[in-house]
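Dear colleague,

I am passing on the structure we spoke about, together with notes on what came out of it. Please look through the model first and then read on.

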Amino acid sequence: MNIPTSQALFEKANQFIPGGVNSPVRAFKAVGGTPLFIKSAKGPYIFDEDGNRYLELINSWGPMILGHGHELVEKAVSDAVQHSFSFGAPTRREVEMAERIVGMVPSVEKVRMVNSGTEATMSAIRVARGFTGRDKIIKFEGCYHGHADSFLIAAGSGAVTFGTPDSPGVPKGVAQDTLTAPYNNLEAVQLLVDANPGQIAAIIIEPVVGNMGCVLPETGFLEGLRSICDKEGIIYIFDEVMTGFRLSKGGAQERFGVLPDMTTLGKIIGGGMPVGAYGGKEEIMNYVSPAGPVYQAGTLSGNPIAMAAGLAMLDYLDTHQEIYLQLDQSGVKLAQGFRASMEKLGLNYTVNQIGSMYTLFFTDQVVRDFPSAKSSDLGLYGKYFHAMLNRGIYLGASQFESMFLSTALEDSHLEEIMRANEESLKEILAE
Ligand code: PMP
């Protein structure tokens with residue numbers, strides 16, 4: 001791949017921006033090489049500054065579920081900019097947005113708009129803590145909920161151990177209130193709850209994980225957590241920043257039929273603009289200021305341009321639910337194609353897929369939690385990533401990411417991806 005402009009830009013970026021990027025995974029650190037500097041994107045394609053074209057399997061890490069530059073979203077944004085960009089006052093579209101979310105996401109009765117997924121999760125646990133009067137939360141090893149202090153916690157040496165900060169700068173006092181359990185392990189959660197009676201405010205989970213690669217909840221896991229929360233008066237939070245409006249119009253909760261008390265949203269909800277939201281049961285959300293005592297605010301929250309983009313996106317998804325069938329079919333087709341190629345090549349790597357999310361893990365273990373995800377051969381993933389990129393396929397620059405399909409991917413594109421996949425596997429095996 002010829003990328004002199006990206007290389008020059010990255011060199012300059014490193015002079016002025018830490019690591020040359022505004023969000024770490026963009027730097028290609030895990031896979032090596034120079035990150036592509038992107039100039040534009042349309043439909044299923046993304047174009048770098050050197051004019052190279054790639055098929056998109058990242059889609060801005062989720063938001064572009066309809067492909068890039070969808071005409072309805074584009075039109076909504078260009079109409080909205082005619083009326084100025086921000087007021088810091090209530091607008092009609094915020095009401096329409098809230099009504100639309102409540103209509104689409106089964107467990108949400110009231111909702112507050114914010115500007116990112118991180119703000120959504122950070123605010124949701126504050127509300128859960130305020131509502132319950134408890135301080136501790138449980139999260140799952142390998143799940144990512146944004147970069148607020150409470151979430152940057154690794155598992156330590158066991159499920160019942162108190163968290164230790166993953167990142168310098170997270171105060172120990174904050175870290176010790178975050179308990180971690182292995183994903184898909186109900187017993188470990190029960191042990192934590194038993195060891196901390198009356199102290200757990202919330203359990204927060206990615207109902208389908210995207211952030212250790214794509215990992216699915218096993219049968220009964222989400223339901224089991226629901227019962228533990230019910231028994232112990234714990235607020236059950238689904239972090240649907242990735243899965244919301246992606247696994248179905250009502251997200252993972254609709255797909256699995258398990259209702260949380262609170263839900264966090266992001267990505268698709270902004271149609272590509274910086275938006276997040278948190279919502280839930282009315283009695284809980286009424287704790288949020290100014291209705292209640294838990295403070296949370298934002299100068300740009302409910303920004304009119306962002307609301308226009310998000311609302312156009314949600315309107316489309318709500319009225320075109322057949323796209324979820326299309327996305328499911330695309331996901332299954334790719335997963336089957338990958339498995340068929342691997343069988344042909346005598347490989348036994350793991351493909352996890354649900355709907356339009358998937359990860360090809362370079363391990364032959366079943367991937368059901370963080371340790372099994374980490375059994376992947378990361379060096380091999382790096383080689384695969386570059387082999388795919390050289391064939392014009394743009395993947396997540398880490399093994400621990402889910403790919404996100406869009407409706408802009410047609411059958412011919414899927415065939416191209418499967419062909420590139422088989423050739424890439426052959427190539428890296430031959431090395
Ligand atoms: N929760 C989940 C499940 C996420 O995947 C992410 C981001 N990838 C976040 C929260 C944080 O969202 P943001 O990057 O918009 O702050």
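The chain holds 14 helices and 16 strands, where helices (H or I, at least four residues) and strands (E, at least two) are DSSP runs numbered from the N terminus. Its radius of gyration is 21 Å, close to the 22 Å that the globule rule gives for 431 residues, so the chain is as compact as a globular protein of that length; the radius is taken over C-alpha atoms, and the rule is 2.2 Å times the number of residues to the power 0.38.

Please keep in mind that this is a predicted model, in which local features need pLDDT of at least 70 and side-chain atom pairs count only at pLDDT 80 or more, while totals for chains, interfaces and linings use all residues. Residues are numbered from 1 along each chain as its sequence is written.

Along the principal axes, the C-alpha atoms fill a box of roughly 60 × 55 × 45 Å. Of the 431 residues, 51% are buried, meaning that 20 or more other C-beta atoms lie within 10 Å of the residue's own, with 12 or fewer for exposed, partly exposed in between, and C-beta atoms placed from the backbone. Among the contacts with a separation of 6 or more, 72% join residues 24 or more positions apart, a contact being two C-beta atoms, placed from the backbone, within 7 Å.

Lys267 sits in the loop between strand E11 (262–265) and strand E12 (276–280), and it counts as buried because it has 27 C-beta neighbours inside 10 Å. Leaving aside neighbours within four places in sequence, Lys267 is in contact with Trp61, Gly62, Pro63, Gly117, Val241 and Met242.

Finally, in helix H2 (residues 71–80) the buried residues are Val73, Ala76 and Ala80; seen down the helix axis they fall within an arc of 65°, so they line one face of H2, the arc being that of the directions from the axis to the C-beta atoms. On the other side of H2, Glu71, Lys75, Ser78 and Asp79 are exposed, whereas the cover over its buried residues includes helix H10 (304–319).
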